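Please read them beside the model.

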Amino acid sequence: MNASQQHMLDAYRAAQRGESAPVLPGAGDVQAVREIRRWLRFQAVVTAPADRPLARFRRAVRRALTRRPVRPVHLRRTARSAQAGPLPHPPLDPSSASVPTPTMTGHARLCDPCG
């Protein structure tokens, strides 16, 4: 049921009950457009130039175009890793076969970016 059919049904019911007919659909559209236009003009006067939508849009575009890409988490340096120093490497000579090598298990395996 569209707006015209609903209005006809409401007008029929109002006539049966002896009430006044409802307002036609779209009767207040022109007034609503005028009030919106008046509100936008008011906002243009009271809003600072830097906070207007066009200025905010320009700032967002400029910020997006000049922002450097974010490094992946596994390549970022943190203060803790800088203080810890380099990671110890196992010796490379053949006598080091008895030294256990660390294996990736549990949570570390899930977070490995290389798979």
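1. Ile 36, Trp 39, Leu 40, Phe 42, Val 45 and Val 46 make a nonpolar surface patch of about 660 Å². Patch members need over 30% relative accessible area and no salt bridge; nonpolar side chains (Val, Leu, Ile, Met, Phe, Trp, Tyr) are joined within 5 Å, like charges within 9 Å. A salt bridge is a side-chain nitrogen of Lys or Arg within 4 Å of a carboxyl oxygen of Asp or Glu. Areas are Shrake-Rupley values with a 1.4 Å probe, and for residues only the protein chains shown count as cover.

2. The model is predicted: local features need pLDDT of at least 70, side-chain atom pairs count only at pLDDT 80 or more, and totals for chains, interfaces and linings use all residues. Numbering runs from 1 along each chain as its sequence is written, and side-chain values use heavy atoms, without hydrogens and water.

3. Val 45 belongs to helix α2 (residues 29-46); helices are DSSP runs (H or I, at least four residues), numbered from the N terminus. Val 45 has a relative accessible area of 69% and is therefore exposed, whereas Phe 42, at 43%, is partly exposed. The classes are buried under 20%, exposed over 50% and partly exposed in between.

4. The whole structure holds one aromatic pair. The ring centres of Trp 39 and Phe 42 are 5.5 Å apart with planes at 40°, so the pair is tilted. Pairing requires centres within 6.5 Å; planes under 30 degrees apart are stacked, over 60 edge-to-face, the rest tilted. Trp 39 and Phe 42 are three residues apart in helix α2, about one helical turn.

5. Arg 56, Arg 58, Arg 59, Arg 62, Arg 63 and Arg 67 form a positive surface patch. Arg 67 sits in the loop between α3 (53-66) and α4 (79-84) and is exposed at 57% relative accessibility.

Terms used
Helix = DSSP H or I, 4+ residues; strand = E, 2+ residues; numbered from the N terminus. Buried < 20%, exposed > 50% of the residue type's maximum accessible area, 1.4 Å probe, protein only. Lys, Arg positive; Asp, Glu negative; His and termini not counted. Charge placed at Lys NZ, Arg CZ, Asp CG, Glu CD. Phe/Tyr/Trp six-rings, centres within 6.5 Å; stacked < 30°, edge-to-face > 60°.
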